[in-house]
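Let's take a friendly walk through a protein, one piece at a time. Have the structure open and follow along as you read.

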Amino acid sequence: MFKNYMKIAWRNLAKHKLFSFINIGGLAVGMAVSFILLLYVYNEFTFDKYNEKGDRIYMLYRNQPADGEIQTSNGMPVQVAGAIKKDFPEIEKAARTNAVDDNLVNYNGKTLKISMLSADPELLDIFTYTFVKGNRQKAFADLASVVLTESGAKSIFGNEEAMGKTIKLNKNRMVKVTGIIKDMPQNSSIRFNMLGSWQLLEAEREWVKTSGWGNYSFKTFALVKPGTDEKKLNAKMSSLIARNDAFNKENKLFLYPFERIHLYDKFENGVNTGGDIEYIRLFMFLAIGILLIACINFMNLSTARSQSRAREVGVRKVVGARRISLIKQFMGESLLMAIISFMFALVIVSLLLPYFNSIINKNLTVPYKMFNFWIVGLGITIITGIIAGSYPALFLSAFKPVKVLKGLVKDGKTSLRPRQALVIIQFAFATCLILSTILIYNQINFIKNRPAGYNKDGLIEISQEGTLYEKFEEFRRDAIASGAVIEGSATSGTIANANSASWGVKWPGQLPGEDKIPIDQLVTTYHFTKTFGVNILKGRDFDRANPSDSLAIMMNESAVKLMRLKEPLGQIVNWQGQPRTVVGIIKDFILGSPGEPVKPLIVGYMKNWSGTATLRLNPALSISNSLTKLETVYKTYNPEYPFEYKFVDERYNNKFKTEQLLGTLANSFTILAIVISCLGLFGLASFSAEQRRKEIGIRKVLGASIGSLWFNLSKEFIQLVLIVFFIGAAFSWYFMNEWLNNYTYHTQISIWVFLLTILISLAVTITTVSWQAIKAALTNPVKSLKSE
């Protein structure tokens, strides 16, 4: 019997090639896109899940009261790791790390930059690193030892044996390769190519060794003993900082599960409120939604052919077929098409995945070798086949043999209603996506067009490495003399992001507790405002002609407002532990998020704190010409270092990375949802035309024009879309309003957005329905009325 069902199903597919192609193609595309989204969701849910002791790994965080709210951060003093191991027996291991940064490596005259992490040896016991050569016990036997990843070893040594080789680190220290580990997974938050010991970091950077409890520049990881109660341990260690740092005694220390950080890293007022998990839920919703509208499309197209299958059902019932056997037959056909769609979906996934990877900047792959992948994939396929085939099977098997053999099937309007409900669900989903996409792009353009407060064009950043740290002024003068740049300034970090803040700042008229407010800071020397194009509202920039500027600061408008200084110039503000004179007030510029208000900022003069050199290229020359000239000057100062630079405008645009990703994906999925929904609408229009063919014939005989017949057939679909618009718009307005409220500066949901959405929906509907409507209107009435 099963064999006969499959034969009949295959013959039906072969007989109706166009409908089979549309049906299988629509379902295959829907399944492919859902699979791609589920691959992304799987990748995110398994982020940092590769560690064998993952359920016992924690990262240390702290809650710090500031300006009436609690701010959460994972920056820690150097001493915390040792203190928690000493004071709390529940801690099995603890390790300090610095930020992963690029270091210069030289081997046999070959120089390159390589990402390096410095950490305590206990890091190798906390996280799972697989040693290919060497072992964790002897990895850091002495200070001059480093461990390389396989890709790191290959980039330095090529195909040579790396183990035991000596390389020069940062031009001044010889280190020995004492271990090779496998590369970390792509979905790992801690990635590096070289691992050095904490002792090596202290030898390289003297300030690390003398860093006190007030310096929150490092990260600390802990491995707790099995069976540890996280809440009880957090209660015990919350006052650790207060006991050692009198100034920050209100800071509360706590452990946070490392495996949760990637998706749940958002804190508001000291409480975790989610994070990227919100986007993962959105992608899951999209995956289910697109698969659902593909199933609905399948249902509509299948039932659109009901007239051609009606007599078959009638004959089968007359010869004794029971309804359950007919349901099995139609479900079998549905499952066969779902399995064929699954095979086509795998091909489509292979074609689309590189494009999707380029959008999300990841390297997702289809795990063909994983048994679980095939189980899940086939499981989804079977469920899809059952859902997609359920309504057609129940609908077709319910035909009464007497009626269908006389040519009397159900009344058209009655049988249309279930399909109309299905199309409403489809188009409501599509309407939500259309409206959401328009609003996302509006918000992106809104925050992108917000003035940055400085001139980003033509600015490049290079790291102050080698001799540039001590000889930046000479390098700047030579770069200007070469014609490559017109100005340059050394700063503590990029202007494109807020990366440093200071607290303990004191000013005249300060209220109790205001010294706990973190204030953003940028450290520089000279030429700051001229290089960046920042407007000075009052006073001046730092000047070599004024030796007293070594204890001077500039502030932005928001800082002046915070401090309530009526005459800020000349005021004494205690910053970085010293009294400083305010010499300039600069106009607010965006350092943090463009969607948030500008925060108070101090731009302070300090000679030995810069790390980034920002240069303004000569606008009279082409960018390539300027960079060529600049590289020549750079190599005279740093011949061993590669000439690497970043454009400030590109770094600034990275602020919109999440929104642009969301916009691109929403745009792509909106187009897909519209296409699949159009297929469903096409099926509904075909069914309607088939049900009303005699009515259309009578109208033509009575003199109805093609235009009036087209309007008569199309108006019910236009009414349907108008109903759908109000449903979809209501849902979209609610969710997008919630999303926009995440931004202090956001666009308004104006009436034109809804008008544009309804125009797009109507245009798509009329285009889709017109083909079937005009085809039905042009049909010779003799063909539809000859049986009467």
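Start with E487, whose bridge partner in strand β24 is R616. This is a predicted model, in which local features need pLDDT of at least 70 and side-chain atom pairs count only at pLDDT 80 or more, while totals for chains, interfaces and linings use all residues. Residues are numbered from 1 along each chain as its sequence is written, and side-chain values use heavy atoms, with hydrogens and water left out.

Strand β16 (residues 485–491) pairs with β24 in the antiparallel sense, over six bridges. Two strands count as paired if DSSP finds at least two bridges between them. Strands (E, at least two residues) and helices (H or I, at least four residues) are DSSP runs, numbered from the N terminus. Strand β15 (residues 459–463) also runs antiparallel to β24, and five bridges join them. Here L459 stands opposite R616.

Now look along β24 itself, residues 612–617: six of its six residues are buried. Buried means a relative accessible area under 20%, exposed means over 50%, and partly exposed lies in between (1.4 Å probe, protein chains only). Which way do the residues point? T612, T614 and R616 point one way from β24, and A613, L615 and L617 point the other way. In a regular strand, side chains alternate between the two faces of the sheet.

Next, find T431 in helix α15, which covers residues 412–448. Is T431 buried or exposed? T431 counts as buried because its relative accessible area is 1%. Not counting residues up to four places away in sequence, T431 touches V724, F725, G728, A729, T757 and S761. A contact means heavy atoms within 4.5 Å.

Two other residues have more open surroundings to explore. I774 sits in helix α24 (residues 751–778), and I774 is classed as partly exposed because its relative accessibility is 36%. I774 and I706 are 68 residues apart in sequence, with their C-alpha atoms 7.2 Å apart in space. K506 lies in the loop between β17 (501–502) and β18 (519–524). With a relative accessible area of 45%, K506 is partly exposed too. Its contacts, leaving aside neighbours within four places in sequence, are I572, V573 and N574. The C-alpha atoms of K506 and G577 are separated by 9.4 Å, although these residues are 71 apart along the chain.

What about the nonpolar interior? A nonpolar core is a set of buried Ala, Val, Leu, Ile, Met, Phe, Trp, Tyr and Cys residues joined through side-chain atoms within 4.5 Å. The largest one has 111 residues, and L37, L123, F127, Y129, L195 and F356 have the most contacts inside it. Apart from that core lies another, of 24 residues, including I447, V534, I586 and F589. In soluble globular proteins, nonpolar side chains tend to be buried together.

Finally, step back to the whole protein. Its secondary structure comes to 25 helices and 25 strands, and its C-alpha trace spans about 105 × 60 × 55 Å along the principal axes. Buried residues make up 51% of the 788 residues. Among contacts between residues at least 6 apart in sequence, 79% join residues at least 24 apart.
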